[in-house]
Amino acid sequence: MRIGIAAILALLIILPSATFAEGDEVEELSADCALFFDGNVANESVQFQTSLGPRLPGSAASSELRESIKSNLTGWDITEKTHHVNGMTLTNLFATWNQGAGSNVMFAAHYDTRHKGDRDSNVSMRDKPILGANDGASGVAVLIELARHIPAMNLSHEVTLFFTDGEDQGDDHSTYVLGAKAWAENLSQQDADKIESFILVDMIGDSDLNLRKTKQGNDTLWNRTENTIRHIDEVCDLNDSSYFNFEDYDFVYDDHVPAHEMGIPAIDIIDIRFGEGAEAWGGHWHTHNDTADKVSAESLQKIGYILESGLISGAWLDIRVPVEKWFEKDTDEDGVFDIIDDCPDTFGEGQDGCPIEENVESQDEQDSDDLVIGILLMACILLVCGNLAWIIFADNRGEG
Ligand SMILES: [Zn+2]
């Protein structure tokens, strides 16, 4: 009889763990996860850009860089827009692929570099312009290398690369982000509403890459970014996503803010801890140590993969769509929600309207499940109690 009790207790212990084991199945890695962004090519661009010297608005180096960008973007529709702000001549450069196809996804990076290294440890150098390998060249390099692969993607929507000027010439919010502000001021709300998403990359070349989500920023777009990174990490098995802290936020005023304020879903992918062990807004940031040797091909590649993978999966589209896009509520009233469209695997369960399994189950089904579990539990308890009572009874009769 004691063997019987032991068996029941063992069963009670084994049952829950057997249930959990089902969810622990290891997913098979996908073999066809082809991403072509080349971090080494992007890194060569960082070296080229810094070789031009500081790219101050209106300077010869600034103009030379624009010409080089344009020569890299054959087949793209190029426009330049000039603005006169705070005594500077700013030139925003736009390159669009699939012009006229609509559903514009914008990637942005500032190509100007700061006019002063005002955080440099050498006081006499604080009024001299910096080379901006990370703060300027890294974002531009990623966009140029990404552009090389976009024609082969057969996308059915527009992609615009926005090279902003006058981002880093300021002292406070009113004097930073001047090119992006000038763009937004000349953008009608109607045109802003046609932009699907605005993804800014800035200071993403640090060889010790430490990214966090940033505010202001669009939460759906961050969820898509997080799922894209996890997709690259887990399914493609190419990267280690530990460079991204998905829990915490940094507050950053950057070129994405004017877009965000126009209601465009916008985020800023930026590492504000430049250099190994650097504090936020510390390290090499705004110093003369912002040189090409502090930037790595590996970091540029990680960011390039995120943008490329998101384009292929459609992660940068339909940010504004309502929940109903991906599933329809119980239309035939059979107590089960009817899924009308598969959730792309980079969107993630429970996000963007993709249903969570337990939410798909109707309340009635959940109630009946609860009842069955309750009855089973009661039966088990009764069995155990019955056995104990029998032992006591048997012991009392001297049969134990
Ligand atoms: Zn800066």
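Analyst: Let's begin with a definition: two strands count as paired if DSSP finds at least two bridges between them. With that in hand, we can look at strand S3, residues 104-110, and its partner S4, residues 159-164, which pair in the parallel sense over six bridges. Please keep in mind that this is a predicted model.

How many of the seven residues of S3 are buried? Seven of the seven are, so the strand is largely enclosed by the rest of the structure. In a regular strand, side chains alternate between the two faces of the sheet. For S3, one side holds Asn104, Met106, Ala108 and His110, and the other holds Val105, Phe107 and Ala109; both faces are covered.

S3, helix H4 and S4 together make a right-handed β-α-β unit.

H2 itself runs over residues 39-51, and its 13 residues reach 18 Å from the first C-alpha to the last, close to the 18 Å expected at 1.5 Å a residue. Its buried residues are Gly39, Ala42, Asn43, Ser45, Val46, Gln49 and Thr50. Seen down the axis of H2, these fall within an arc of 150 degrees, so they line one face of the helix. Asn40 and Ser51, on the other side of H2, are exposed. Just after H2 comes Gly53, with a positive phi of about 85 degrees.

H3 leads us to another spot: Leu73 sits in the loop between H3 and strand S1 (77-85). Is Leu73 buried or exposed? It has 20 other C-beta atoms within 10 Å, and 20 or more is the cut-off, so Leu73 counts as buried. Setting aside residues up to four places away in sequence, Leu73 touches Ile78, Ala95 and Ala147. Leu73 and Ile144 are 71 residues apart in sequence, yet their C-alpha atoms are 7.8 Å apart in space.

The buried residues of H7 pack against S5 (195-202), strand S7 (244-251), strand S8 (266-270) and helix H9 (297-313). Those buried residues are Leu221, Asn223, Arg224, Thr225, Asn227, Thr228, Ile229, His231 and Ile232. H7 covers residues 219-235; at 1.5 Å a residue its 17 residues should span 24 Å, and its end C-alpha atoms are 23 Å apart, which agrees.

Stepping back, the protein chain has eleven helices and eight strands. Of its 400 residues, 39% count as buried. Among contacts between residues at least 6 apart in sequence, 77% join residues at least 24 apart.

Finally, a word on confidence. The chain averages a pLDDT of 83, and 74% of the residues score at least 70. Over residues 323-327 the pLDDT stays under 50, and the model has 15 contacts beyond four places in sequence for them. The pLDDT is also below 50 over residues 357-363, a stretch with six contacts beyond near neighbours in sequence. Where pLDDT is low, the predicted coordinates should not be read in detail.

Note on methods:
Residues numbered from 1 in each chain as written. Predicted model: local features only at pLDDT ≥ 70, side-chain atom pairs only at ≥ 80, totals over all residues. Helix = DSSP H or I, 4+ residues; strand = E, 2+ residues; numbered from the N terminus. Buried ≥ 20, exposed ≤ 12 C-beta atoms within 10 Å, placed from the backbone. Contact = placed C-beta atoms within 7 Å. Expected span 1.5 Å × (residues − 1). Arc of directions from axis to C-beta. pLDDT = per-residue confidence, 0-100. Right-handed = clockwise from strand over helix to strand, strands pointing away.
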